[in-house]
Amino acid sequence: MSLLRNMVARLERQARNTPTDSNPLPAEEEHGESYLIDKVRSLDRRPEKIRGGKGYIHGSALIGICPRRYALQILSGDTGVRPVREQDRIMWAIGRAVEKHIREQFARAVKRRGVIGLWRCKCGKTKREGPYSPGEKCGSCGQLLSIYREITLFDHEHRIAGNPDLLYLRPDNHKVRTVEVKSKKRELFDELKAPEPTHIVQASIYRRLGIINHMPMDDKVSIIYGSKDYSFRGTAYKEFHVEPTPDNQLDAMW
């Protein structure tokens, strides 16, 4: 009973929200018609830090890059940010959800075998990069290393980093296939007869990073599109296997 009384007393103190030095009461503010949305927008509109990490440029940023601007950023010590609109945040969130769904469904269908990533256990103490290894467990918590995280590939010489949407070992030739996942509005999705050139370039950049990291990369790349809108007709997915961007074009970007 003493345990129950202590719990009730703690809940009563929390309900009173008694301010302390470590938990001060927030300043009073009006609860207007757009209170919640205004809070969301305040974070949505914060500038977005350019991906890549300290001293590195993300592979996707090589597409359409202005070398002079980037050089000036490096020389000035600027970490690099870009303005963002709330519409961008929602579009990115939808795209990430589609990417996650396709990757997770594929991984479940193949029982994770051949899927390449950063695999960790539930406690997070044990991590391993590479293809999923069935039965491998953490020495601390005893759980399987079955939680997926994107792998980051580096070209340390040119200071380029990249996070492929999906890498997997083909079951027929045991080569690593690079997959780029994109989402499209239904009307644009229906019109797709081939992948967009910039999406091929992005997948090809990750393929090159794989080669630099001594991975046995496949000769082609895959571009997968998911439809953002519900439709009773047709499929929600389109898959293209294409030749990568020619080396001379990637050389120019590097």
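Modeller: Let's begin with a charged pair: Arg41 and Glu86 form a salt bridge, and their closest N and O atoms are 3.2 Å apart. Arg41 belongs to helix 2 and Glu86 to helix 4 (residues 86-109), so the pair links distant parts of the chain, 45 residues apart. Do keep in mind that this is a predicted model.

Colleague: Which residues are linked in a network of salt bridges?

Modeller: Arg170, Asp172, Arg177 and Asp218 are linked in this way. There is also a salt bridge between Glu180 and Lys182, with the closest N and O atoms 3.1 Å apart. Glu180 has a relative accessibility of 2%, so it counts as buried.

Colleague: Arg177 and Glu180 make me curious about their surroundings. Which residue touches Arg177 and Glu180?

Modeller: To read surroundings, set aside the sequence neighbours and see what remains. Leaving out residues up to four places away in sequence, Ser222 touches Arg177, Thr178, Val179, Glu180, Phe240 and His241. Ser222 is in strand 11 (residues 217-227), and it counts as buried because its relative accessible area is 1%.

Colleague: Let's turn to rings. How many aromatic pairs does a search of the whole structure find?

Modeller: It finds 6 aromatic pairs. For each pair, read the distance between the ring centres and then the angle between the planes; over 60 degrees counts as edge-to-face. Trp119 and Tyr148 have ring centres 5.5 Å apart and planes at 70°, so this pair is edge-to-face. Trp119 is in strand 4 and Tyr148 in strand 6 (residues 147-149), so the pair ties together parts 29 residues apart in sequence. Trp119 is buried, with a relative accessible area of 1%, and Tyr148 counts as buried at 17%.

Colleague: And what about Tyr230 and Phe232?

Modeller: They form an edge-to-face aromatic pair, 5.3 Å centre to centre with 85° between the planes. Tyr230 is exposed, with a relative accessible area of 69%, and Phe232 counts as exposed at 79%.

Colleague: Which residues do ring pairs link into a cluster?

Modeller: Trp119, Tyr132 and Tyr148 make up that cluster.

Colleague: Now a helix, please. How many residues of helix 6 are buried?

Modeller: Start with length, then cover. Helix 6 (residues 197-212) has 16 residues and reaches 23 Å from its first C-alpha to its last, close to the 22 Å expected at 1.5 Å a residue. Helix 6 is mostly covered, since 12 of its 16 residues are buried; among them are His199, Ile200, Tyr206 and Leu209. Just after helix 6, His214 has a positive phi of about 60°.

Colleague: Which residues form a nonpolar patch on the surface?

Modeller: Leu36, Ile37 and Val40 do, with about 280 Å² of accessible area together. Leu36 is in helix 2 (residues 35-44), and it counts as exposed because its relative accessible area is 62%. An α-helix has 3.6 residues a turn, so residues three or four places apart point the same way.

Colleague: To finish, how many helices and strands are in the protein chain?

Modeller: There are 7 helices and 12 strands. Of the 254 residues, 31% count as buried. The accessible surface comes to about 17,000 Å², with 54% of it belonging to carbon and sulfur atoms.

Terms used
Residues numbered from 1 in each chain as written. Predicted model: local features only at pLDDT ≥ 70, side-chain atom pairs only at ≥ 80, totals over all residues. Heavy atoms only, no water. Patch = residues over 30% accessible without salt bridge, like charges linked within 9 Å, V, L, I, M, F, W, Y side chains within 5 Å. Areas by Shrake-Rupley, 256 points an atom, 1.4 Å probe, with all protein chains shown as cover. Salt bridge = Lys/Arg side-chain N within 4 Å of Asp/Glu carboxyl O. Helix = DSSP H or I, 4+ residues; strand = E, 2+ residues; numbered from the N terminus. Buried < 20%, exposed > 50% of the residue type's maximum accessible area, 1.4 Å probe, protein only. Expected span 1.5 Å × (residues − 1). Phe/Tyr/Trp six-rings, centres within 6.5 Å; stacked < 30°, edge-to-face > 60°. Contact = heavy atoms within 4.5 Å.
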